Amino acid sequence: MVAVIAALASGFALLLFVFIRKALINAVAHPESAKKIAQIKQSFGISSKTT
């Protein structure tokens, strides 16, 4: 039973991660949203990848 719950929880966490990642990628495509995302990243101390 514990293994089933752990599998469901990890599946849900992975699904959540995928949705958040996709939303961030889509948000960066819009200039106004990209500005807000940059402010959020700066407040958390996350640096953007620049290559």
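The protein has 2 helices and 0 strands, where helices (H or I, at least four residues) and strands (E, at least two) are DSSP runs numbered from the N terminus. This is a predicted model, in which local features need pLDDT of at least 70 and side-chain atom pairs count only at pLDDT 80 or more, while totals for chains, interfaces and linings use all residues. Residues are numbered from 1 along each chain as its sequence is written, and side-chain values use heavy atoms, with hydrogens and water left out.

**Overall dimensions**

- The radius of gyration of the protein is 15 Å, whereas a compact globule of 51 residues would have one near 10 Å; the radius is taken over C-alpha atoms, and the globule rule is 2.2 Å times the number of residues to the power 0.38.
- The C-alpha trace spans about 45 × 20 × 20 Å along the principal axes of the protein.

**Exposure**

- Of the 51 residues, 4% count as buried (buried is under 20% relative accessible area, exposed over 50%, partly exposed in between, with a 1.4 Å probe and protein chains only).

**Helix H1**

- Leu-16 is found in helix H1, which covers residues 2-28, and is partly exposed at 43% relative accessibility.
- Leu-16 belongs to a nonpolar surface patch with Phe-12, Ile-20 and Leu-24, and together these residues have about 390 Å² of accessible area.
- Patches are made of residues with over 30% relative accessible area and no salt bridge; like charges are joined within 9 Å, and nonpolar side chains (Val, Leu, Ile, Met, Phe, Trp, Tyr) within 5 Å.
- Val-18 is also found in helix H1 and is partly exposed, with a relative accessible area of 43%.

**Helix H2**

- The end C-alpha atoms of H2 are 20 Å apart, which agrees with the 20 Å that its 14 residues should span at 1.5 Å a residue; the expected span is 1.5 Å times one less than the number of residues.
- Gln-42 lies in helix H2 and counts as exposed at 63% relative accessibility.
- Just after H2, Gly-45 takes a positive phi of about 80 degrees.

**Salt bridge**

- The count comes to 1 salt bridge, defined as a side-chain nitrogen of Lys or Arg within 4 Å of a carboxyl oxygen of Asp or Glu.
- The side chains of Glu-32 and Lys-36 meet in a salt bridge at 3.9 Å, N to O.
- Glu-32 and Lys-36 are 4 residues apart in helix H2 (residues 31-44), so about one helical turn separates them.
- Glu-32 is exposed, with a relative accessible area of 60%, while Lys-36 is partly exposed at 49%.

**C-alpha separations**

- Val-18 and Ala-34 are 16 residues apart in sequence, and their C-alpha atoms are 19 Å apart in space.
- Gln-42 and Ile-20 are 22 residues apart along the chain, with 18 Å between their C-alpha atoms.

Notes
Areas by Shrake-Rupley, 256 points an atom, 1.4 Å probe, with all protein chains shown as cover.
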